[in-house]
Amino acid sequence: MYDHVIWPPPFDPKTSAIYALNDTDVNATPEVVWKLLVDAENWSSYFPAEDQVKILSGEPELALGTKYSRVTVGFPMHLIVTEFVPGRRLAWSTLVDGDETASSAYHGWVITPTDSGCHVLSEETQQGPFFLEELGRKNPGALYRYHQEWVESLARGAEARAADAAKGDKTMAKTDIEKVLTIFHGISAGDVDLATQHIDHKRFVQHNPYAADGVEGLTRFISQTPRDQLQLSVVRAFQDGPYVVAQAMGQRSGRNIFFDIFKFEDGLVVEHWAFSAGGAPPNPSGHTQIDGPTEATHLEDTEKNKSLLRTYFETFHIRSDHSRSKHYFAADLMIRHEPGVRDGVAEFMRDVEVLMQHRTIDEIKFLLGQGEFVFIAAKGTHEDEPCVYIDLYRVQDDKIVEHWGFPEMVPPQEDSKNDNGML
């Protein structure tokens, strides 16, 4: 049983209008997690959404009584730290700037040591008309989703920081996924050595059209790109054979949502593909481009799920044969993360009919999966121009139940910084 937030009387969840609890296990020490939490002005280094934090009372990082401001999902706020137990407990109270209703919130963090690192728990309550309207009525569940992204990003940031502390000791990152997380952390930190320590400096092939080929090209990209355009936070990652697929959010080349593929040989990355799209607000069903399950489970179903998605994609999208759609979906269950769309198979089918008038999907270039996640990258056209189609599916009980993804136009070859092609 883990400890919980110690609530001041006005903020107890039993009497609060809105409440969210989020937690996760972290493979890093409490000290590493704590350092990231109190370094408020650099929260965006691992959680890009918190990129407008300013300490107002002069401290270099959060402490008891620290006053600071932040802008979260467009709302400017003023906050004060009310509980501070180094390495264990942190909490603050919040007022929204310009809110005449004086609505308030209380957010606490509890860090508990474990055998493998620590457990991080986040709890927040909100009271008053402002929060009831903006979150309770307009965006139900948004507080939980936002904080879940935060605690998971904090965990990944702490684990990457732990790897950073052992820079030069490549045995610290034991799995290929851990090595990819280290690469992302190095890019976000503008640390070329960290970003390239798990890359084969002789054989590395770059397919990202915004970076020149080889380690030299990646080094130049990191060195010449402003730090605020390098921020990346991995949301979910899985491995299929020599390939690691990562989905991330942040800032890179003016884009906000990313899928990356890394190919490993002899423990080092030898090839990299990158795909990206602009950010967007939650769609009409309340889903963002990155929320939803993040951990691959039911690993024994990997090959079965990949086979299902290959048949589905070739039949449904390449041959445009929709006659067996009921074979692939469970009634009207389809959770969709694309901007501007609504959940449901019926809505999806209507959208596909419109899309077919403007696109072709010609060939699957990657089909990779682990457990219930299956990733597809395909070549095609949009309005007769070359386009890549990026799709991540989640399968449950032999049916497609969830989808993330986007199309991305292929830049003209004269605009690409390498000659290797996006796919």
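Strand 9 (232-240) and strand 10 (residues 243-252) pair in the antiparallel sense over eight bridges, where strands are DSSP runs of E with at least two residues, helices are runs of H or I with at least four residues, both being numbered from the N terminus, and two strands count as paired if DSSP finds at least two bridges between them. Within this pair, Val245 of strand 10 is the bridge partner of Phe238. The model is a predicted one, in which local features need pLDDT of at least 70 and side-chain atom pairs count only at pLDDT 80 or more, while totals for chains, interfaces and linings use all residues. Residues are numbered from 1 along each chain as its sequence is written, and side-chain values use heavy atoms, with hydrogens and water left out.

The two strands belong to an open sheet of five strands with mixed pairing, in the order 8-12-11-10-9, and its edges are formed by strand 8 (205-206) and strand 9, each of which pairs on one side only. Helix 4 (residues 176-189) packs on this sheet and touches strand 9, strand 10, strand 11 (255-265) and strand 12 (268-277), its direction making about 155 degrees with that of strand 9; contact here means heavy atoms within 4.5 Å, and the axes are lines fitted to C-alpha atoms, for helices over the stretch in contact, with angles running from 0 to 180 degrees between N-to-C directions. Further into the sheet, strand 10 and strand 11 run antiparallel and are joined by eight bridges, with Ile257 in strand 11 as the bridge partner of Met249. Strand 11 is in turn joined to strand 12 by nine bridges, again in the antiparallel sense, and Glu265 stands opposite Leu268 in strand 12. The hairpin of these two strands has two residues between them, and in it Asp266 takes a positive phi near 55 degrees.

A second open sheet consists of seven strands in the order 1-7-6-5-4-3-2, with antiparallel pairing. Strand 1 (18-26) and strand 2 (53-55) stand at its edges, and because each has a single partner strand, one side of each is left without a neighbour in the sheet. Neighbouring strands are turned against each other by 20 degrees on average, direction ignored. Strand 1 pairs with strand 7 (residues 117-127) in the antiparallel sense over nine bridges, and Asp25 stands opposite His119 in strand 7. Helix 1 (residues 30-38) lies across strand 1, strand 4 (75-85), strand 5 (89-96), strand 6 (104-114) and strand 7, running at about 160 degrees to strand 6. Helix 2 (residues 129-137) also packs on the sheet, touching strands 1, 4, 5, 6 and 7, and its direction makes about 60 degrees with that of strand 1.

The largest nonpolar core has 39 residues, of which Trp43, Leu62, Tyr68, Leu90, Trp92 and Trp109 touch the most other members; such a core is a set of buried Ala, Val, Leu, Ile, Met, Phe, Trp, Tyr and Cys residues joined through side-chain atoms within 4.5 Å, buried meaning under 20% relative accessible area with a 1.4 Å probe, protein chains only. Helix 3 (residues 142-165) contributes the largest share of this core, eight residues. Leaving aside residues up to four places away in sequence, Trp109 touches residues including Leu37, Leu90, Trp92, Trp150 and Leu154.

Overall, the secondary structure of the chain comes to nine helices and 17 strands, and buried residues make up 53% of its 423 residues.

Conventions. Buried < 20%, exposed > 50% of the residue type's maximum accessible area, 1.4 Å probe, protein only.
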